[in-house]
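My entries below follow the order in which I looked things up.

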Amino acid sequence: LWAGLLAGFAPFNGAYAEKPIDLHFLGGLSLGYTTFEFPAKLDHDLTFPMYQLNGAVAYKKLYLALNLADTLSEADVSEEEDVGQATRYDYDLTLGYQITPSWGAFVGYKKGATEIDFLARELEDEGVTSYREESYEQKGLFAGVSYAYKFKKAGKLTINRAYADLDATNTFSSDVEGSEGDEEEEPEFDDLSGTVRGKSSGFSYGLRWSIPVAGKMLYYASYKINDYKQDLTVEGVDFNDIDETISNFSMGIVYVY
């Protein structure tokens, strides 16, 4: 889930040793919350408690980082006709280069999905466990830049911005009553069903503060917003600029080997 997470940590030029070391390995863990907004399909935002594992290898000014994130517990879903439980996962692989001590650039691949099990309220009241499932997945490439400002005694503040061009795969399902409208009418986005593919693109904005806390260990806090627009075509009807926003706040530690 977060492009360029380790961008501000490179190039490790003597920050943890008296003499510069060219090759470093990193491992980290963070906890936080992710909020998923998809107003065209969901009446309410979904908030997930998340954990993230990250690892990286850095050689001089180059680094390769892998970040994996998953939900700690399911989020409750409450729609007009349905209730349900939702989960989310994200991962990204980032290749970065530290151009100057302040400026960096990175490219990478990311994938993430929100998955929901719905249960109609009328079935819940009857004690029936009959679910319908939906999922909203995005995967593809991103590229961006980062800028870091180092305080004398208060750690480092890193700002990054990235652009993503993603493939979107949505699995929509009809509610328990199904679609009963006029078959000749153009479909509305909220009534789409089946697997629907499109393109999703937009910018992400990230802010992270990090500081050494003990030996080779870093503490950091970060906030990031992925602001995407999805375009897709169903039965000759275009649906453009469908908002999908994923935001995350997390705090964690990174250890430099």
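This is a predicted model: local features need pLDDT of at least 70, side-chain atom pairs count only at pLDDT 80 or more; totals for chains, interfaces and linings use all residues.

Entry 1: I located E81 in the loop between β4 (75-78) and β5 (82-98). Its relative accessible area is 43%, so I noted E81 as partly exposed.

**Entry 2: the overall layout.** Next I stepped back to the whole chain. I counted one helix and eleven strands. How do they follow one another along the sequence? I read the pattern as β-β-β-β-β-β-α-β-β-β-β-β.

I also looked up burial, and 46% of the 257 residues count as buried.

**Entry 3: salt bridges.** I searched the whole structure and got eight salt bridges. I wrote up three of them.

The pair D82 and R132 came up with its closest N and O atoms 2.4 Å apart. Here D82 sits in strand β5 and R132 in strand β7 (residues 131-150), so to speak a link between distant parts of the chain, 50 residues apart. Are these two residues buried or exposed? I found both D82 and R132 buried.

Then I turned to D165 and K199, a salt bridge whose closest N and O atoms are 3.8 Å apart. D165 belongs to strand β8 (residues 156-172) and K199 to strand β9 (residues 194-214), so this pair ties together parts that are 34 residues apart in sequence. D165 has 42% relative accessibility and therefore counts as partly exposed. K199, at 38%, counts as partly exposed.

K199 also forms a salt bridge with D167, and there the closest N and O atoms are 2.8 Å apart. This pair again links distant parts of the chain, with K199 in strand β9 and D167 in strand β8, 32 residues apart. I noted D167 as partly exposed because its relative accessible area is 38%.

Shared partners were my last check on this topic. I found that salt bridges join K41, D82, R132 and E134 into one network.

**Entry 4: backbone angles.** I moved on to phi. Most residues other than glycine have a negative phi, so I made a note of the exceptions I came across.

K60 is not a glycine, yet I read a positive phi of about 55° for it. Where is K60 found? I placed K60 in the loop between β2 (46-59) and β3 (62-71). At 44% relative accessibility, K60 counts as partly exposed.

D241 gave me another positive value, with phi near 55° in a residue other than glycine. I traced D241 to strand β11 (residues 237-256).

**Entry 5: the surroundings of Y147.** I picked Y147, which has its place in strand β7. Its relative accessibility is 31%, so Y147 counts as partly exposed. Which residues is Y147 in contact with, leaving aside its neighbours within four places in sequence? My list reads S102, W103, L157, T158 and I159. I also took the C-alpha to C-alpha distance from Y147 to W103, and I got 4.7 Å for two residues that are 44 residues apart in sequence.

Entry 6: I finished in strand β11, where G252 has its place. G252 counts as buried because its relative accessibility is 8%, and buried means under 20%. With neighbours within four places in sequence left aside, I found G252 in contact with L29, S30, L218, Y219 and Y220. What separates the C-alpha atoms of G252 and L31? I noted 6.2 Å, for residues 221 apart along the chain.

Notes: Residues are numbered from 1 along each chain as its sequence is written. Side-chain values use heavy atoms; hydrogens and water are left out. Helices (H or I, at least four residues) and strands (E, at least two) are DSSP runs, numbered from the N terminus. Buried means under 20% relative accessible area, exposed over 50%, partly exposed in between (1.4 Å probe, protein chains only). A salt bridge is a side-chain nitrogen of Lys or Arg within 4 Å of a carboxyl oxygen of Asp or Glu. Contact means heavy atoms within 4.5 Å.
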